Amino acid sequence: MAMFVSTRLLFFSIIIPLLISITLYQLDSFDPAPLPADSLVSSPTSIPPLLNDKFLTGAEFIGVGLLNNPEDIAYHKDSGLIYTGCVDGWVKRVSVHDSANDSIVEDWVNTGGRPLGIAFGIHGEVIVADANKGLLNISGDGKKTELLTDVAEGVRLKLTDAVVVGDNGVLYFTDASYKYDIHQFIFDFLEGKPHGRLISFDPTTRVTRVLLRDLYFANGITISPDQTHLVFCETVRRRCSKYYISEERVEVLIQGLPGFPDNIRYDGDGHYWIALISEVTTPWKLSMKYPFLRKLISMAAKYGVELLFMKNAGVLQVDLDGNPIALYHDHPFSHITSGVKIGNHLYCGSLLHSYITRLDLLKYPAQKKL
């Protein structure tokens, strides 16, 4: 009798759930693909000689409770204001002062979507890459919002991400995924297929043109100081590449990054600053290597269960040739999406926090590793 009971218990507690799980796995239509081999390795050449791994020790917090997930940061030198897009649809303006406590946060324009990338046009307008709406032009000091484009090659922009403006007024931006929207972006990561695009919009001709296709979550973008090429990030592939505008060719700037890149900014002083939303944790390494694990993780995500986690985010400083110079990070830090150098401070946006994080680079410099 006891053996019969234990057999039944084994059947109902283990065998049946296992059979159900196998059936659900086979019925689920999500079909992850193997990732390119270069996205699965870390390069020792991407590790800089200078390091500050205690970012939070000297950090200040600006606009606490007034900035809801400020993803990108754009600094307007003439006005001394930071523009940032929040998850509640607001593009907010934040004043920059020597003391973080003196900063004032202003609700400026609500796009009705999810503003991500922000840049300044050549005629004083503010250009917004809105994940939900498309590419927007805000002019008249916030009084007019115009949709510039939300379609490229007949395919709607699903996740308009980052934007930069050339000296000739042409707008260059990324569509991180034409398949998944901002609420589903984790599935783009997990599927491992290239749905990202690099796109241009000419305000004079009103022409939207796809410059590159088949990118692995096209994310941050900036333009070289000589205006010859763009530099853009592919988050899933953990690399940043150059796109030469006239020649229409691509070459890698830096790859095998120690984390997943988000936004990238040029500081006007010969350096790019690359935000890393997280280091490559062991669960991430395994899931990127094995598609079947990504399918299991996606199935859990559909029910709101998060099996992956992020930590040790930061900002990597590189020179114009992609040589790493310094890394500012901290193990409890996560979801850092932008890093902008303003004066002697590094300002960081986030998809998780309700403030902008600031670090004085003179007081808390990156130093040589022991």
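Author: Start with one rule: two strands pair if DSSP finds at least two bridges between them. Keep in mind that this model is predicted.

Reader: In the hairpin of E21 and E22, how many residues lie between the strands?

Author: Four residues lie between the strands of that hairpin. One of the residues to look at is Gly268, which takes a positive phi near 80°. The two strands are antiparallel and joined by five bridges. Follow one of them: Gly259 has Glu279 of E22 as its bridge partner.

Reader: Which strand pairs with E22 over six bridges?

Author: That is strand E23, residues 314-319, and the sense is antiparallel. Ala275 finds its bridge partner there in Val315.

Reader: Is E22 enclosed or open, and why?

Author: Count its buried residues. Buried means under 20% relative accessible area. In E22, residues 271-279, nine of the nine residues are buried, so the strand is largely enclosed by the rest of the structure.

Reader: In what order do the six strands of the open sheet run?

Author: Read the order as E21-E22-E23-E24-E1-E28, with mixed pairing. An edge strand pairs on one side only; here the edges are E21 (259-266) and E28 (367-368). E28 is joined to E1, residues 50-52, by two bridges, and the two run antiparallel. Leu50 has Lys368 as its bridge partner in E28.

Reader: Now a loop residue. Where does Ser103 lie?

Author: Ser103 is in the loop between strand E5 (90-95) and strand E6 (105-110).

Reader: Is Ser103 buried or exposed?

Author: Compare its value with the cut-off of 20%. Ser103 has a relative accessible area of 16%, so it is buried. Setting aside neighbours within four places in sequence, Ser103 contacts Ile62, Val94, Ser95 and His97. Pro203 is 100 residues from Ser103 along the chain, and their C-alpha atoms are separated by 34 Å.

Reader: Step back. How many helices and strands does the protein chain have?

Author: The chain has four helices and 28 strands. Of its 370 residues, 54% count as buried.

Reader: What does the radius of gyration tell us about the chain?

Author: Compare it with a rule for a compact globule. For 370 residues the rule gives a value near 21 Å; the chain has 22 Å, which agrees. The C-alpha atoms fill a box of roughly 85 × 50 × 40 Å along the principal axes.

How values were computed. Residues are numbered from 1 along each chain as its sequence is written. This is a predicted model: local features need pLDDT of at least 70, side-chain atom pairs count only at pLDDT 80 or more; totals for chains, interfaces and linings use all residues. Side-chain values use heavy atoms; hydrogens and water are left out. The radius of gyration is taken over C-alpha atoms; the globule rule is 2.2 Å times the number of residues to the power 0.38. Buried means under 20% relative accessible area, exposed over 50%, partly exposed in between (1.4 Å probe, protein chains only). Contact means heavy atoms within 4.5 Å.
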